[in-house]
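Please keep the structure open while you read.

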Amino acid sequence: MYDLLQVLFTNIEPTYIVECGSMLGGSAIRMAEVLKNNDKPTEIICIDPFTGDVNMWDWEINDGWKFLRLENGIPTIYKRFLANCKYSGFENKILPINATTSVGIKLLKRLFSQNRISQFPNYIYLDSAHGKDETFIELSLCWDCLINNNSILFGDDWGWEAVREDVIKFSNTIQNKTDYQTLHKIHHLMRGSQIVNNNILLYKGQWILFKNVLGNSENQQKFIHDNNSQPNNFSGIKPTIVTDR
Ligand SMILES: C[S@@+](CC[C@H](N)C(=O)[O-])C[C@H]1O[C@@H](n2cnc3c(N)ncnc32)[C@H](O)[C@@H]1O
């Protein structure tokens, strides 16, 4: 993930970053490290109820690695998240909001409408519940929150069926709001990346959507479409790999 973050953060200046689904802070800390290495003052808001997901509760009875590590029936994820942020030295760069994606994103919108925050993030990393349809709703909420040009909605677990299906389904609704120019630029910079369904960049299990808030003219979309190496014969939810490097 470091190489992807390096390319993204140095090509698309981050205002601030929102992560939905932070667990123990691993991905947030990785982002903070890349920002620090590039002398960027960007801060990260982590939205997570820190209560795990259905699988984590299900698997807790196993003898293997326990995600929740319950104490008096309460997951200790948040305590461990805070400890990791402190240990890594980023406790002043990472601000947790103990809420679901839906509540957290709606809160940002409310605060913005009341002039209590002056801007929206231009990066949202979505790695939360991974449920079918729930992911689609989260994608829609997060996408609406990106109001600046050069905004990125990205996330993990392309290999997870519910995530993949909802990302593809959602990507069909934003074909005319995709920033194709930046998508193709990052694709060329990221060796090993692929473009799927015309507007999803894939790299090592990470998926990335690029937003153009102004929308694309029909001519521009046609240009992008005509210049892809294969036609987009996407149907249903099966991804079409358009280009492969
Ligand atoms: C896969 S983990 C996140 C891993 C983390 N991004 C990383 O790479 O280090 C999923 C997280 O999503 C959180 N989660 C579950 N349902 C959620 C929801 N509706 N909104 C936000 N976060 C949620 C869980 O508490 C869990 O911490």
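1. Start with burial. A residue is buried if 20 or more other C-beta atoms lie within 10 Å of its own, exposed if 12 or fewer, and partly exposed in between, with C-beta atoms placed from the backbone. Asn150 has 18 other C-beta atoms within 10 Å, so Asn150 is partly exposed. Its place is the loop between α6 (134-145) and β5 (151-155). Asn150 is not a glycine, yet it has a positive phi of about 60°.

2. Some ground rules. This is a predicted model, in which local features need pLDDT of at least 70, side-chain atom pairs count only at pLDDT 80 or more, and totals for chains, interfaces and linings use all residues. Residues are numbered from 1 along each chain as its sequence is written.

3. The overall count. The protein has 9 helices and 9 strands. Helices (H or I, at least four residues) and strands (E, at least two) are DSSP runs, numbered from the N terminus. Of the 245 residues, 39% count as buried. Two residues are in contact if their C-beta atoms, placed from the backbone, lie within 7 Å. Take the contacts with a separation of 6 or more: residues 24 or more positions apart account for 76% of them.

4. Asp157 is not a glycine either, and its phi is about 70°. Asp157 is found in the loop between β5 and α7 (161-173). Is Asp157 buried, exposed or partly exposed? It is partly exposed, because 18 other C-beta atoms lie within 10 Å.

5. Phe210. This residue is found in strand β8 (residues 206-211). It has 28 other C-beta atoms within 10 Å, so Phe210 is buried. Which residues does Phe210 touch, leaving aside its neighbours within four places in sequence? They are Ile152, Thr178, Asp179, Thr182 and Leu183. Look also at Tyr180: Phe210 and Tyr180 are 30 residues apart in sequence, but 7.3 Å apart in space, C-alpha to C-alpha.

6. Thr182. Find Thr182 in helix α8. It counts as buried because it has 21 C-beta neighbours inside 10 Å. Leaving aside neighbours within four places in sequence, Thr182 is in contact with Ile12, Asn150 and Phe210. Thr182 and Asn212 are 30 residues apart in sequence and 9.2 Å apart in space, C-alpha to C-alpha.

7. Helices α1 and α8. Helix α1 (residues 2-11) and helix α8 (residues 180-189) pack at an angle of about 135°, with their axes 11 Å apart. Axes are lines fitted to C-alpha atoms, for helices over the stretch in contact, and angles run from 0 to 180 degrees between N-to-C directions. The angle therefore makes α1 oblique to α8. Angles under 35 degrees count as roughly parallel, over 145 as roughly antiparallel, 65 to 115 as roughly perpendicular and the rest as oblique. Val7, Leu8 and Asn11 of α1 meet Lys185, Ile186 and Leu189 of α8. By class, this contact has 4 nonpolar, 1 polar and 1 charged residues. Ala, Val, Leu, Ile, Met, Phe, Trp, Tyr, Cys and Pro count as nonpolar, Asp, Glu, Lys and Arg as charged, and the others, Gly among them, as polar.

8. Helices α1 and α2. The axes of α1 and helix α2 (residues 26-37) come within 10 Å and cross at roughly 50°. The two helices are therefore oblique to each other. Tyr2, Leu5, Gln6 and Phe9 of α1 make the contact with Arg30, Met31, Val34 and Leu35 of α2. These residues divide into 6 nonpolar, 1 polar and 1 charged.

9. Helices α5 and α6. Helix α5 (residues 101-113) and α6 pack at an angle of about 20°, with axes 10 Å apart. So α5 is roughly parallel to α6. From α5, the contact uses Thr101, Ser102, Ile105, Leu108 and Lys109; from α6, it uses Glu138, Leu141, Cys142 and Cys145. The classes are 5 nonpolar, 2 polar and 2 charged.

10. The ligand. How many residues surround the ligand? There are 20, and the closest are Gly21, Met23, Gly26, Ser27 and Ser128. A residue is near a molecule if its C-beta atom, placed from the backbone, lies within 6 Å of it. The shell has 7 nonpolar, 9 polar and 4 charged residues.
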